[in-house]
Amino acid sequence: KYARMRINAVSGSNLSLTVIVTPFVHPGGFPTMPNRLFAANSVDGVVNLDAMDIWTPTSGLRFRVHKAVLSSDTSGAYLLRDASLTLSMTRLLANQPFVFDYGPNGYLSAQADNTLNIRNVTGSTAVLRCSAWGMEEV
């Protein structure tokens, strides 16, 4: 069985995506597929110590992120977070994408209504481009 995928993009952006979706195994053991692709591209002026929301789940649900891709125009450190809980930290070179991969079962948010976000800890303002995909669950 194949699930529907919905694509949300930043309004007015020039977004072109090629999406190849392959089945993975849900923790319950049955094959399923991501049902959402969330994109936040080219967000200008994310100042040091500020965060950019990537995924705000539907009210009452938790996100299960499988992968996220980040690139920035500024070299430095970035945190992928579940609300204020740091999931991963990476150091990037300018304009070199990095993939956060949480495996076939993904990472399930700690609680409903938390947002998935990227925090800039480079020490300077940055232009961030990030996409993340996964599912929403109770």
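Where does Leu70 sit? In strand S6, residues 62-72. Keep in mind that this is a predicted model.

Let's stay with Leu70. Its relative accessible area is 0%, so Leu70 is buried. Now its contacts, setting aside neighbours within four places in sequence. Leu70 touches Tyr78, Leu92, Gln96, Pro97, Phe98, Phe100, Ile118, Leu128, Arg129 and Cys130.

Take one of those, Ile118. Along the chain, Leu70 and Ile118 are 48 residues apart. Their C-alpha atoms are separated by 8.7 Å. Ile118 has its own contact list, again leaving out neighbours within four places. Among them are Asp50, Ala51, Met52, Ile54, Leu79 and Leu80. Tyr78, Phe100, Leu128 and Cys130 are in contact with Ile118, and also with Leu70.

Next, the core. The largest nonpolar core holds 18 residues. Which of them have the most contacts inside it? Ile54, Leu70, Tyr78, Leu80, Leu116, Ile118 and Leu128. Two or more residues each come from strands S5 (51-55), S6, S7 (76-82), S11 (116-120) and S12 (126-137).

Last, the rings. The whole structure has three aromatic pairs. One of them is Trp55 with Phe63, a tilted pair. The centres are 5.5 Å apart, with 35° between the planes. Both Trp55 and Phe63 are buried.

Another joins Phe98 and Phe100. Why is this pair edge-to-face? Because the planes of Phe98 and Phe100 stand at 80°, and the cut-off is over 60 degrees. Their ring centres are 5.0 Å apart. Phe98 is partly exposed, at 32% relative accessible area. Phe100 counts as buried, at 3%.

Key:
Residues are numbered from 1 along each chain as its sequence is written. This is a predicted model: local features need pLDDT of at least 70, side-chain atom pairs count only at pLDDT 80 or more; totals for chains, interfaces and linings use all residues. Side-chain values use heavy atoms; hydrogens and water are left out. Helices (H or I, at least four residues) and strands (E, at least two) are DSSP runs, numbered from the N terminus. Buried means under 20% relative accessible area, exposed over 50%, partly exposed in between (1.4 Å probe, protein chains only). Contact means heavy atoms within 4.5 Å. A nonpolar core is a set of buried Ala, Val, Leu, Ile, Met, Phe, Trp, Tyr and Cys residues joined through side-chain atoms within 4.5 Å. Rings of Phe, Tyr and Trp (its six-membered ring) pair if their centres lie within 6.5 Å; planes under 30 degrees apart count as stacked, over 60 as edge-to-face and the rest as tilted.
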